[in-house]
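Me: I want to go through some helix packing. Please back each label with its value and cut-off.

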Amino acid sequence: MTSVFKFESLRVLALFAALTVCALPACSGDGDGDGDGDGGGEIEMDATEIFDADRDDANVDDTDSGSGGGDPTDPIPDAGDAATPPEDSTCSAPDPEMGIADDAVQPISPGKANASFPELTNTALEDPEIGRAELISVSGEENEPRTYTLASTAALRPPLDGSSFTSPRQFSEKASDPLLRSGNALFDALFALALEEVRENSVESISDGAFNNGQGVPCGEGGCFETGRNWHYVWTRDTAFAVDLGLAAIDPSRARRSLEFKLSERRGSAAGGGDLQIVQDTGTGGSWPVSTDRVSWAMGASELLNWLDGAERVAFRDQAFAALANTLDHDRATIFDRHDGLYTGEQSFLDWREQTYPAWTADDPAHIAMSKALSTNLLHLNAMRLAAALAREKGDADAEERYACWADNLRAAIRARFRLDSGLLSTFSTTALDDAPTEQFDALSIAFAIDQDVLTSVAAANAVAAYPHTGKGPPTIWPQQQATPIYHNRSSWPFVTAYWVEAARKVGNDRAASFGIWSLVRGAALNLSNMENFELMSGKAWLDDDDSAMSGPVINSQRQLWSVAGYLSMVRSTLFGIEATPDGLRIRPYVPRQIRHSIFGSADAISLTNVTYRGKRIDIELALPPVTHADTIEGAYELASATLNGQPIELDALLTTAELTAHNTIVIRLAEPSGGGSQGAQWTFIPPAEIFAEDGWRKLFGPKAPTIPDLGVYLEAGQVKVTFASGETDTASIVHDIYRDGERVASGLDGAATSWIDSAASADHAQRTHCYSVHSRFKGSNTASQHARPVCYWGAWQQPSWRIQEIAPPSFTFNGGSLSTEHGREHLGNGWGSDGHFVEVQMTAAFDGDHLIQVIYANGTGALNTSVTCGVKQAQVFRTSDGARVAEGYLAFPVLGSDWSIWKESTLLRVRLQKGEAYRIRIGSDDHSPRRAINMSAFRHFESYTGNAGSGGTGGELNHVNIAQIKVLAMGE
């Protein structure tokens, strides 16, 4: 800073404002206690961002609107007919192996350490750090429903509603339930406990303080599922993942109604306004399009369709296809970035921004709206594949081809962006001006990538082997963030563990699978419930940290819906291998030897009876090899033979309903691994003793993020200089890496360094804008920090190289609202943003090449973390000489709280301009039918929303923002 003012004080003062405006936007959720079933506070964050729609001087009649090509005014059909936009002319076949080749991945060394598991008997489990769970009574015959009484000495989390939750706990199997008999009564009881908690989460209506003033909201005749003891409202992602993991098989009709509750038409007539879509719940920056993982709904729908039958299935299929098509086409037009083929928006589930995002995004959610998340893109991929499959089933060849092509290209884009040399997959790229994949990782998105075959089998196995394991369960994220409370950070989540176990099963990693299975068993037994989450290292439902502000998990609920379903998945899908498809049922058991010896050691066989599949009853028995006394019990058993009703069948047989009788018995005999396969798979395990050793915490945590000051990129002696400050006081423990325009350009800088000269960029700094970020790594562990807020060099102020044009309200032409000087600066406001409102400005390009359109705005329509009123506006750029539209896209103006005096930058629209040409920029509502420049308040689902004083809910659709400036930022060729 001193050198900046010494050499260019006047330029720096002007540059300060410009750089502040152009720091990356971000939107994320909050964790202040009133919210999401998967997060503390309303952690279901949703918001949108602006997406690029480069037109390259295209004509208005033949330009691609960003939604699939063709006339940008083509309407999206209503729910009755799935959206049918013209074929996307950009959807050419991708390279299926795009990205890093398998042989380029750094090899994974076999793990040298094994995890320790709790002591288990037939009736008790003991963990010295947590307590002892004991099955104090079992009543009932072996093959009939039994009643269990389970006690625990662990500290139980009290429910938030003040109700009683004490030890012991009694529960009973029901005659209609599947019955598990494993030779271990405690393990059988925990499966019965999960089924009991499914019943406890079965409700007739949904109640939440933010809807209908706390009164119930109907969710269909026969009821649906709520989220848990502390969370009664059902979030789209919670419901979808829970249905996918196990609820579709347990109660298909209730699962269907739960998914249908998350669909909505537009507000309109009493019969609805058409355009059936999946809803995004309240969250970060005003929900969609900051949060964009509503397509997670397809995960549940896909699995549910495998269990439904007859007319009920056909009706749900048609409804699902309409909702998916409308949602996918709307997202394609608004949040799809054609430059890299990815979708923008917040991570799925990891949506409490202070937990998993850089600290500088906490109050600036436009950056989160512009980020690219692995999990969210994988959920879009899954939704596209389901839409293609349903289109094929319905005989719609055009729709099948469109969505299949979109999916193929998205898979390639995901591989290209997120896969790192380490073999791991990056969780996200932070923002638009720094699109480098971060060295932050999460188990859920890696599991999704493996499940959806985004990776080859070799790469998938490497990804599981490379992911660090430690403590009492698979870490939800890696590395952990310092000075951050326990929730997503420093945690293990049972539903994530269930998906991770399935991923480990798919790649044959018995060590990772066994570790996850034990985590689920320990958590349910000691807490007498399937909890929301646990502290990672201790496995406790609450840990008193040395710093009380860091204690947690800060929110934790009994019978959390997706945790319950995750336990069912571990038993049904992993151990017994029950796999439903649209055409039939497969049984592919996966039993690690470690689990057989430690849990099923007294049994010759284990059975799961009374499984119902499309009206057929199925009993499954797994015959186990004898217990051995070898030094190692690693590896997993192989399938040796199978019979159906006494007759041999193929091991991989697909059993159709026509082949099944009313009551069926399947027996599968397991055998020891052949060819020396008993050696355990490779994995990365860090023994807790290493982490608790002196300075060992650096193996668990990443460094605190460095910072680049707003004026930290400038010219010195004609060269571009980047200055930064370390986040760590012990600079000897770290090194720094520099990123330019999303590429790592310097690595391993000394931790004491505070600047770096970019000699390569210095040659073109007068014509091209370069943007910089930096992160730090601990030397020993190589764990990395979050990226610093990026800063760009825009040239010399008031010189020909200055690449920022700022257009103020006196130059606005507008419809709706009025000019005002309230809230600290002159702006267009007073209700601006309703349907039909717009603002226009004129400008002449001073440079050739890419430019970014951005708006300085205010949005005080609600809470930053629990609203549905993110501003969404269409942005168009027209060439003055002939009126041709050269760009069209959508800008997001996330909610910043209830204070209209807070001013931030919107997301960005990319457009290619020609030097010397005059252009007209128009921002406002759109004329598409139905409208695309909307937020979630446009949907009937939120007509009963009474949170935030009914803003965007009972108060009606709301899409208002104030605009103080429109900026044009030249990036250059």
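Predicted model: local features only at pLDDT ≥ 70, side-chain atom pairs only at ≥ 80, totals over all residues.

Me: What makes helix 2 roughly perpendicular to helix 14?
Reply: The angle. Helix 2 (residues 185-200) and helix 14 (residues 510-527) pack at about 75 degrees, with axes 10 Å apart. The roughly perpendicular class runs from 65 to 115 degrees, so helix 2 counts as roughly perpendicular to helix 14.

Me: Which residues make that contact of helix 2 with helix 14?
Reply: Helix 2 supplies Phe-187, Leu-190 and Leu-193. Helix 14 supplies Val-521, Ala-524 and Ala-525. The contact divides into six nonpolar residues, no polar and no charged.

Me: Why is helix 5 called largely enclosed by the rest of the structure?
Reply: Because ten of the eleven residues of helix 5 (residues 297-307) are buried. Buried means under 20% relative accessible area. Among the buried residues are Trp-297, Met-299, Glu-303, Asn-306 and Trp-307.

Me: How do you know whether helix 5 and helix 6 are roughly parallel or roughly antiparallel?
Reply: Their axes cross at roughly 155 degrees and come within 11 Å. Angles over 145 degrees count as roughly antiparallel. Helix 5 and helix 6 are therefore roughly antiparallel. Their crossing is left-handed.

Me: What makes up the contact of helix 5 with helix 6?
Reply: Trp-297, Ala-298, Ala-301, Leu-304 and Leu-305 of helix 5 meet Arg-313, Phe-316, Arg-317, Ala-320 and Leu-324 of helix 6. The contact divides into eight nonpolar residues, no polar and two charged. Arg counts as charged, and Arg-313 and Arg-317 are on the helix 6 side.

Terms used: Residues numbered from 1 in each chain as written. Heavy atoms only, no water. Axes fitted to C-alpha atoms, helices over the stretch in contact; angles between N-to-C directions. Helix = DSSP H or I, 4+ residues; strand = E, 2+ residues; numbered from the N terminus. Parallel < 35°, antiparallel > 145°, perpendicular 65-115°, else oblique. Contact = heavy atoms within 4.5 Å. Buried < 20%, exposed > 50% of the residue type's maximum accessible area, 1.4 Å probe, protein only. Left-handed = near helix turned anticlockwise from the far one by under 90°.
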